[in-house]
Amino acid sequence: MTDPRQGGIVILDFGSQYTQLIARRVREQQVYAEVFPCDADPVTINQHRPNGYILSGGPNSIYEPGAPQLPPHLLDTQKPILGICYGMQALTHALGGHVAASQAREYGPARIEQSVPNPLLADLDSVLQVWMSHGDRIETPPPGFESLAHSANSPFAALGDVERGLYGIQFHPEVTHTPQGSEILRNFVFNICACEPTWSTASFIDDAVGRIQQQVGPERVLLGLSGGVDSAVAAALLNKAIGSQLTAIFVNTGMLRKDEPQDVAKTFRDGQGMILVSVDATEQFLSELAGVTDPERKRRIIGKQFIDVFAEEARNLEGVKFLAQGTIYPDVIESAASSNQSKVIKSHHNVGGLPPDLHFELVEPIRDLFKDEVRKVGTALGLPDHIVWRQPFPGPGLAVRCLGEVTWERLEVLREADAIFREELEKVDMLRNGTAQSFAVLLPVKSVGVMGDNRTYEEVVALRAVTTDDFMTADWARLDYELLARVSNRIVNEVRGINRVTYDITSKPPGTIEWE
Ligand code: XMP
């Protein structure tokens, strides 16, 4: 069986905010793409024998002191290279062309016109709408290069040495504002690099199963199941590969959402036939949290408790050699960019921080996948939609949504209100489409109300729903008033202890998504 990662594309990151997007666009063509820092060593870069390289954009100016340069070993491979924006300038500079600071920064939509027929822009319109974002521009191309397209602002909006398979483009083909950007990348990947479309969900699963079996042999593997998408898909993949050699541990912290522990048992034990150790540690967590109101203290207590409970369960299992984690590709890229370390321990439910007597080798079966690919693999492995499309949920769980003291009674009130909100969103398909994260928060505030003939004095729930792509910035979701009215009515009528519902209309920044 051939490795579907072989013969793909390597993307070298020069600091663009779009680098991961380039990789995803290439993978959409069923060709494997990997991202490395631009100064990564050649052995690492070439481990899967790529057919070509893409150089990302970046914030620098090529003549600036310390500006990243084209690594010379790339040219030695004689494989095709496509430089995007700063990548184009790095390529031009390295090959003896001249880059000049432009008078005006060009940012936003632009039109380019093809100068000569060429393989990069083949079968596309002669005039193309593209997205520009650059300061410098090419003044003189390197020897052997010619203009492939020009714009009002630049005679070299695209250039290339067709003979050597070296290309540069001033604009960003990876963003949706370049409508034919995918076709340009497609031309590069298939016509210029001669890649094969071998990267698919089925080929990934086949290959990953083989690699897991090879790594693990007859040994036992332990996995911490959080109920989140990544650990769920890692679990299903391991289960397919090694079945009864896998033991999953699920810790009920008491901070989970309504019906979650039962749902995890149903999905993994009944649905997937997995060996699942389910531990109810609710009382332990609650007693440690008694009287605590500070958010960071809540987080520390829950993190420590989680490790303690998990470690105790792990010690009860005999002869486990491996610990599996649902590390995914963005975690790998981010940690490589920041510290050059090759193995990543997820901070979420950080079982990587286990005590030293528990020493495991790591298995990370989905570390090559982007989130959308993780979801496709999960579906192909038979996981239900509500697991595969689950919204992110913080490690400390409802503890950071139960403002003030965390008690069992207050958690139950919050769980009910949260379940109603999510149920109403689900009915109009807004959990999966329309909101990226949506939940209820219980406030440490009482307010006066009236029900029937009686005055009430009860707690307040805030509803939070946001839209976002990356969770770094977010906007509050413009939910329909009728929907909000239904949710509010139901919560006040059905949840004892709540007499007022508010909707959070703060974006991030300045707010955060969670309230604590
Ligand atoms: P904020 O509230 O910082 O959240 O805008 C951004 C994303 O991170 C999640 N989040 C956490 N996840 N442990 C986690 O595993 C945490 O302590 C934690 N705090 C926030 C939050 O739900 C959102 O998706």
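Colleague: At what angle do the axes of helix α9 and helix α10 cross?
Modeller: The axes of helix α9 (residues 282–289) and helix α10 (residues 295–316) cross at roughly 145° and come within 10 Å. Axes are lines fitted to C-alpha atoms, for helices over the stretch in contact, and angles run from 0 to 180 degrees between N-to-C directions. Helices (H or I, at least four residues) and strands (E, at least two) are DSSP runs, numbered from the N terminus.

Colleague: What kind of model is this?
Modeller: This is a predicted model, in which local features need pLDDT of at least 70 and side-chain atom pairs count only at pLDDT 80 or more, while totals for chains, interfaces and linings use all residues. Residues are numbered from 1 along each chain as its sequence is written, and side-chain values use heavy atoms, with hydrogens and water left out.

Colleague: Back to the helices: which residues of α9 and α10 meet?
Modeller: From α9, Gln284, Phe285, Glu288 and Leu289 meet Lys298, Ile301, Ile302, Gln305, Phe306 and Val309 of α10. By class, six residues of this contact are nonpolar, two are polar and two are charged. Here Ala, Val, Leu, Ile, Met, Phe, Trp, Tyr, Cys and Pro count as nonpolar, Asp, Glu, Lys and Arg as charged, and the others, Gly among them, as polar. Contact means heavy atoms within 4.5 Å.

Colleague: How is the chain divided into domains?
Modeller: The assignment gives domain 1 (9–192), domain 2 (201–388) and domain 3 (407–503); such bounds come from an automatic or database domain assignment. The C-alpha centres of domain 1 and domain 3 lie 47 Å apart.

Colleague: In what order do the nine strands of the open sheet run?
Modeller: The order is β2-β1-β3-β4-β11-β10-β9-β6-β7, with mixed pairing. Because β2 (33–37) and β7 (127–134) stand at the edges with a single partner strand each, one side of each is left without a neighbour in the sheet. From one strand to the next, the twist averages 25°. Two strands pair if DSSP finds at least two bridges between them.

Colleague: And what packs on that sheet?
Modeller: Strand β1 (residues 9–13) pairs with strand β3 (residues 52–55) in the parallel sense over four bridges, and Tyr53 in β3 is the bridge partner of Val10. Helix α4 (residues 86–94) packs on the sheet, where it touches β3, β4 (81–84), β7, β10 (158–161) and β11 (166–169). The direction of α4 makes about 120° with that of β4.

Colleague: Which strands stand at the edges of the five-strand sheet?
Modeller: That open sheet has the order β14-β13-β12-β15-β16, with parallel pairing. Its edges are β14 (275–280) and β16 (361–363), each with a single partner strand, so one side of each has no neighbour in the sheet. Neighbouring strands are turned by 30° against each other on average, direction ignored. Strand β13 (residues 246–252) and β14 pair in the parallel sense over six bridges, and Ile249 stands opposite Val277 in β14. Helix α6 (residues 201–216) packs on this sheet, touching β12 (220–225), β15 (320–324) and β16, and its direction makes about 170° with that of β16.

Colleague: Where does Pro444 lie?
Modeller: Pro444 lies in strand β17 (residues 437–451). Apart from neighbours within four places in sequence, Pro444 is in contact with Leu403, Gly404, Arg410 and Glu459.

Colleague: How many bridges join β17 to β18?
Modeller: There are 13 bridges between β17 and strand β18 (residues 454–467), and the two run antiparallel. Val450 stands opposite Arg455 in β18. The hairpin of β17 and β18 has two residues between the strands, and Gly452 takes a positive phi near 60° there.

Colleague: Lastly, what is the mean pLDDT of the chain?
Modeller: The mean pLDDT is 94, and 96% of the residues reach 70 or more. Over residues 339–350 the pLDDT is below 50, and this stretch has 32 contacts in the model beyond near neighbours in sequence. The pLDDT is the predictor's confidence in each residue, from 0 to 100. Where pLDDT is low, the predicted coordinates should not be read in detail.
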